[in-house]
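Subject: Structure for you to look through

Hello,

Here is the structure I promised you. Please open it and keep it in view while you read my notes.

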Amino acid sequence: MMLSALILLTTAACAGLMAWPKLANNRLWRATLTPLASIIGSGFLVLGPILDDRFGAYGLLAMAALCAMAAMFGSAIRFNIAAYDQDGWIAGSPVERLESISSWVLAFAYIISVAYYLNLFGAFGVSLADVDQDFSAKLLTTAMFAFILVIGWTRGFSALERLEQISVGLKLAVIGGLLVGLASYFGAKASAGALVLNTPQVTGWNAVAMLFGLIVTVQGFETSRYLGETYSAKTRIASMRLAQIISTAIYLVYIGLVTFVFAREDLHFSETAVVDMMGMVAPILTVLLVVAALSAQFSAAVADTSGSGGLFEELTHGRVSSRVGYLLLIVVGIALTWTADVFEIIAYASRAFAAYYAIQAGIAAHFAHRNKPFGPLCISYAALMVLGLAITLYGTPVEGGAE
């Protein structure tokens, strides 16, 4: 009871901080919220159970590797923001064509990511109900796809923009309460000498390929690049860096606490396993997590649907309208919902975003080569491009990679 009260108090305090005018109106913080919300959105819901179940005692090391890959790709995109701000693209140049290709890849990556978000929405939406979880979750997901299509075709998404701002604050507040609850639970386990070291389920190349298939769980930092109409290059670069620093700290603390307190027999692996796990810490966390998950997944799906439709219209110079783009997204999303599970969709999304990151790393290598031919920075970004291509080719779903 005391722990639940502490969690609620912490959550309320974090919500109050998010609403504090001096912070809420800070320009850098507002620019940071967009990438931060994406990075720690869906990933926070699935990474704890996945890493604890599959990587066991090495879960924290796996999380550090994911964050390191994200940091490297983020560095390449920040480099491109600065280079473009300084020189711009040369019309018809190879770099401009590469940028156009990367935008196409990103548009399709958004399609898969919306399926990922809404399938998690469906899973969490029925997680506390006594129903056929898999079938009911797919029905709810399909209904949400239809709802988003109707909104996009009739009213547009501007009416839902405020929801995204609210969901970000709610999500960060719940994460604050969850971390306090986990820290208390960890402390009690440590005092009783009951910390655990689970044996990893995957090792070697299987573990690497599985990490490749999870890169989407730390994706989202690239959104800073597309805020140029609102923020300067300097602010976008700073906001992306700050978002990655904050999200890395949150993820490492979270996984560091989760890894050593849940024995394997406590882990009932599924896309909503985090609800059961946190219920063992404090029952109040199950309700808070489900509410935050529904809000966050819906707002993320709306944002990426809008972004994808807008990209299709821009890239085709209006030949494909944003509304047709929404329809394509919904058709593909519903098909994925009924033919793949959440973990397969996560792997598909990871590979799509990795392809985008590979192209961006290639562009960064070009700019770095122009400044200093075959210098350390050029070679580093070229190697990063190869890593992005490897993730695109070899990333595997969680269940498919288990030994």
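My notes on this structure follow, from the whole protein down to single residues.

First, the ground rules. This is a predicted model, so to speak of local features needs a pLDDT of at least 70, side-chain atom pairs count only at pLDDT 80 or more, and totals for chains, interfaces and linings use all residues. Residues are numbered from 1 along each chain as its sequence is written, and side-chain values use heavy atoms, with hydrogens and water left out.

**The whole protein**

The protein has 15 helices and zero strands. Both kinds of element are DSSP runs, numbered from the N terminus: helices are H or I with at least four residues, strands are E with at least two. The radius of gyration is 21 Å, close to the 22 Å that the globule rule gives for 403 residues, so the protein is as compact as a globular protein of that length. That radius is taken over C-alpha atoms, and the rule is 2.2 Å times the number of residues to the power 0.38. Along the principal axes, the C-alpha atoms fill a box of roughly 65 × 50 × 45 Å.

Of the 403 residues, 54% are buried. Buried means under 20% relative accessible area, exposed means over 50%, and partly exposed is in between (1.4 Å probe, protein chains only). The protein exposes about 16,700 Å², and carbon and sulfur atoms supply 66% of that area. Accessible areas come from the Shrake-Rupley method with a 1.4 Å probe; for residues, only the protein chains shown count as cover.

Now contacts, meaning heavy atoms within 4.5 Å. Take those with a separation of 6 or more: residues 24 or more positions apart account for 85% of them.

**Salt bridges**

Side chains of opposite charge can pair when their charged atoms come close. A salt bridge here is a side-chain nitrogen of Lys or Arg within 4 Å of a carboxyl oxygen of Asp or Glu. How many salt bridges does a search of the whole structure find? It finds three.

Start with Asp53. Its side chain meets that of Arg54 in a salt bridge at 2.6 Å, N to O. Both residues are buried. Asp53 also meets Arg264, at 3.6 Å, N to O. Asp53 lies in helix H4 (residues 42-55) and Arg264 in the loop between helix H10 (233-258) and helix H11 (273-281), so this pair ties together parts that are 211 residues apart in sequence. Asp53 has 6% relative accessibility, so it counts as buried. Arg264 has 24%, so it is partly exposed. Together, Asp53, Arg54 and Arg264 are linked in a network of salt bridges.

Another salt bridge joins the side chains of Arg225 and Glu99, at 3.3 Å, N to O. This pair links distant parts of the chain: Arg225 is in the loop between H9 and H10, Glu99 is in helix H6 (residues 94-125), and they are 126 residues apart. Arg225 is buried, with a relative accessible area of 10%. Glu99 is buried too, at 9%.

**A patch on the surface**

Which residues form a nonpolar patch on the surface? They are Trp205, Val208, Leu393 and Tyr394, with about 430 Å² of accessible area together. Helix H9 (204-212) and helix H15 (376-394) are the elements that give two or more residues to the patch. Patches are made of residues with over 30% relative accessible area and no salt bridge; like charges are joined within 9 Å, and nonpolar side chains (Val, Leu, Ile, Met, Phe, Trp, Tyr) within 5 Å. Trp205 lies in helix H9. Its relative accessibility is 48%, so it counts as partly exposed.

Glu313 sits in helix H12. At 34% relative accessibility, Glu313 is partly exposed. Leaving out residues up to four places away in sequence, Glu313 touches Gly318, Val320, Ser321 and Ser322. Glu313 and Gly325 are 12 residues apart in sequence and 7.5 Å apart in space, C-alpha to C-alpha.

Thr316 is in the loop between helix H12 (284-315) and helix H13 (322-339). Is Thr316 buried or exposed? It is buried, with a relative accessible area of 8%. A polar atom of its side chain lies 2.9 Å from the backbone nitrogen of Val320.

Best wishes

Note on methods. A polar contact is a pair of N or O atoms within 3.5 Å; within protein, one must be able to donate a hydrogen and the other to accept it, and residues adjacent in sequence count only if both atoms are side-chain atoms.
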